[in-house]
Amino acid sequence: MGRFRPVLGILLAIVATCLIACGGPATKIPTTYTPEILQQVELYTPGVATLRDRFPELEGYIQDQDWRNVQSFIHGPMGELRTRVNRLAATLLTKDQPQAESLAKELYGHLERLDEAAVNGQQVVAGQEYRNALDDFDAFLNLVPAV
Ligand code: ZN
């Protein structure tokens, strides 16, 4: 029995290493939506969907060259956009998060440039940024499971 002990020790070390490296609940990344994750998604989706529904109000202001309302809309109702979108993005599957985050960043970038265009009264640029923002917003929402 005595001479098997070292071998047993090595085996136990290998098993222990493997358990630490390959197991443990902390390292398990869900690849599909579980009811628990969907609950989180469901919690944060309405706040973002509300802003998406109101988004076309911007189009009307741009058409009317109502730059003051474009700006107050971006800083008012859409002021919550970043926080809400980021919170929702964090509930998505790990595999979708890089794309969600880059679409969200794009969306904020377009809104910042739309804001700038409004300051300078550039209608064509404003219209382009509006449409690009909308495209990125919808692409982001396409990553969100319907709940
Ligand atoms: Zn874009």
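1. A word on classes to start: Ala, Val, Leu, Ile, Met, Phe, Trp, Tyr, Cys and Pro count as nonpolar, Asp, Glu, Lys and Arg as charged, and the others, Gly among them, as polar. The lining of the largest pocket divides into five nonpolar, two polar and three charged residues.

2. Please keep in mind that this is a predicted model, where local features need pLDDT of at least 70 and side-chain atom pairs count only at pLDDT 80 or more, while totals for chains, interfaces and linings use all residues. Numbering starts from 1 along each chain as its sequence is written, and side-chain values use heavy atoms, leaving out hydrogens and water.

3. Which residues line the largest pocket? They are Ile74, His75, Met78, Gly79, Leu81, Arg82, Tyr108, Leu111, Glu112 and Asp115. Two or more lining residues come from each of helix 4 (67–75), helix 5 (81–89) and helix 6 (97–120), and helix 6 gives the most, with four.

4. Now to a helix pair. The axes of helix 2 (residues 35–54) and helix 7 (residues 123–142) come within 11 Å and cross at roughly 150° (axes are lines fitted to C-alpha atoms, for helices over the stretch in contact, and angles run from 0 to 180 degrees between N-to-C directions). Helix 2 is therefore roughly antiparallel to helix 7 (the term is for angles over 145 degrees).

5. Where do the two helices touch? Val48, Leu51 and Arg52 in helix 2 meet Leu134, Phe137, Asp138 and Leu141 in helix 7, with contact meaning heavy atoms within 4.5 Å. The residues of this contact are five nonpolar, no polar and two charged.

Technical notes
Parallel < 35°, antiparallel > 145°, perpendicular 65-115°, else oblique. 1 Å grid on protein atoms, 1.4 Å probe; cavity = no way out; pocket = protein on both sides within 12 Å on 5 of 7 lines; lining within 4 Å.
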